[in-house]
Amino acid sequence: WTTVETDLDVIGSGICFGEYHYKSYKNFCPYASESGPGAHVVVKDLSIPNYFYTDETTEAEWWHGPRLKLEGRVDWPLSRMEIFGNYSLPDTVTEDFPVVVAKDGYWTKPYYDCGGAYRWMITYLAPFLAQQSSHPKMYHYIGVTSVDIDLSSIDINQCDAVYPNNDTSTKEFGVDALTDQFRGSHRCNIDNTLCQFIPGHGFKRGSYACVCKPGWYFDNALKRDKIGIEADGSWGFNGSFLEQEYDKIYGNTMSTSKFYERFSCLPCAPGCDECADDSPCVFSPEYGLRGGALGLSVIIILLILAM
């Protein structure tokens, strides 16, 4: 309840137990969620009435997904902890507990919740384990904790991902890694433009600008049109508009080649590394004019000498 109440991005959270792992209940799953966008928090048991999410016949991805991911795993790292005595355990004992880290969890695919949240969301599930009675040093899946995250405030970055030395193991885990699946899906012309991410647009396509590469420039006439957008001081093609126009390819109203030809930067004049238009940026001597002036000077000198 506290997580949902205090974290604006979290719209639901619960802890769900496997069969008879909480007292004598076959299933027990207290779950707190917003009753609607910006509304108060309500708490209920998802297993009521008679929703046995642990049954193999159910389609509860949030339960079976983490279970199948961990199925057969035995190499759990252990952490030694001291349990201080109380009325039921008078002596302090030391026990080993399995360590579950973030990558052991399970992310669902993005989905639109029609059951009350009425928004795009995603769920992260972290498992918890218990010792097997027959093998005290082995552990098995007995439950899961969940966090439902509102995707409306999560940006989709479609620009190309850059990893040091192409080492993709540096990818972050979590929502960033999930949205990483959209990387490289921009519609920029890679011959003369670069994708520039524009954050703050939320969970939708087109949060980028296609800015010109060095040696190319953006047509000033397009700055007054919805095609143009400014990103970090540079003008480029509006990603939202490009996404709309690219859909026309699937509607057979535009070819791929025409699309990229239309949304291309223009080349700078020869010798220009950067430019704002097609004006020359290096000195180009007018040999014809200079040669004519020199010839005229020679004729005048000869006439003077002949006098």
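Select Cys188 to begin: this residue is buried, with a relative accessible area of 4%. (Buried means under 20% relative accessible area, exposed over 50%, and partly exposed in between, with a 1.4 Å probe and protein chains only.) This is a predicted model, in which local features need pLDDT of at least 70 and side-chain atom pairs count only at pLDDT 80 or more, while totals for chains, interfaces and linings use all residues. Residues are numbered from 1 along each chain as its sequence is written, and side-chain values use heavy atoms, with hydrogens and water left out.

Cys188 forms a disulfide with Cys210, the sulfur atoms being 2.0 Å apart; a disulfide here is a pair of cysteine sulfur atoms within 2.5 Å. The pair links distant parts of the chain, 22 residues apart: Cys188 sits in the loop between helix H3 (175-179) and strand S10 (193-197), and Cys210 in strand S11. Helices (H or I, at least four residues) and strands (E, at least two) are DSSP runs, numbered from the N terminus. Turn to look along the S-S bond: its torsion is about -85°, so the disulfide is left-handed. Cys210 is buried as well, at 1% relative accessibility.

Next, pick Cys212 and Cys265, which are joined by a disulfide (S to S 2.0 Å). Cys212 lies in strand S11 and Cys265 in the loop between H5 and strand S15 (266-267), so this pair ties together parts that are 53 residues apart in sequence. Both Cys212 and Cys265 are buried.

Then go to Cys268 and Cys275, another disulfide, with sulfur atoms 1.9 Å apart. Cys268 is buried at 12% relative accessibility, while Cys275 is partly exposed, with a relative accessible area of 22%. A search of the whole structure finds five disulfides.

Now for a helix: select residues 239-250, which make up H4. H4 has 12 residues and reaches 18 Å from its first C-alpha to its last, close to the 16 Å expected at 1.5 Å a residue. (That expected span is 1.5 Å times one less than the number of residues.) At the start of H4, zoom in on Asn238: one of its side-chain oxygens reaches to within 3.0 Å of the backbone nitrogen of Ser240. Just past the other end, Asn252 takes a positive phi of about 60°.

Which residues of H4 are buried? Colour Gly239, Phe241, Leu242, Glu243, Glu245, Tyr246 and Ile249. What covers them includes strand S11 (208-212), strand S14 (234-238) and helix H5 (256-262).

Show side chains for the largest nonpolar core, which has 18 residues. (A nonpolar core is a set of buried Ala, Val, Leu, Ile, Met, Phe, Trp, Tyr and Cys residues joined through side-chain atoms within 4.5 Å.) Tyr208, Cys210, Ile227, Phe237, Leu242, Phe259 and Phe263 touch the most other members. S11 and H4 each supply at least two residues of this core, and H4 gives the most, with four.

Stop at Phe263. Leaving aside its neighbours within four places in sequence, Phe263 is in contact (heavy atoms within 4.5 Å) with Asn189, Ile227, Phe237, Phe241, Leu242 and Glu245. Apart from this core lies another, of 14 residues, including Cys16, Tyr53, Trp62 and Tyr139.

Which partner does Glu243 meet in a salt bridge? Select Arg205: the closest N and O atoms of Arg205 and Glu243 are 3.1 Å apart. (A salt bridge is a side-chain nitrogen of Lys or Arg within 4 Å of a carboxyl oxygen of Asp or Glu.) Arg205 lies in the loop between S10 and S11 and Glu243 in helix H4, so the pair ties together parts that are 38 residues apart in sequence. Glu243 is buried, with a relative accessible area of 3%, whereas Arg205 is partly exposed, at 42%.

Last stop: Gln158, in the loop between strand S9 (139-150) and H3. Gln158 is buried at 3% relative accessibility. A polar atom of its side chain lies 2.8 Å from the backbone nitrogen of Gly206. Leaving out residues up to four places away in sequence, Gln158 touches several residues, among them His186, Arg205, Tyr208 and Glu243.

Terms used. Polar contact = N/O pair within 3.5 Å; in protein donor to acceptor, adjacent residues only side chain to side chain.
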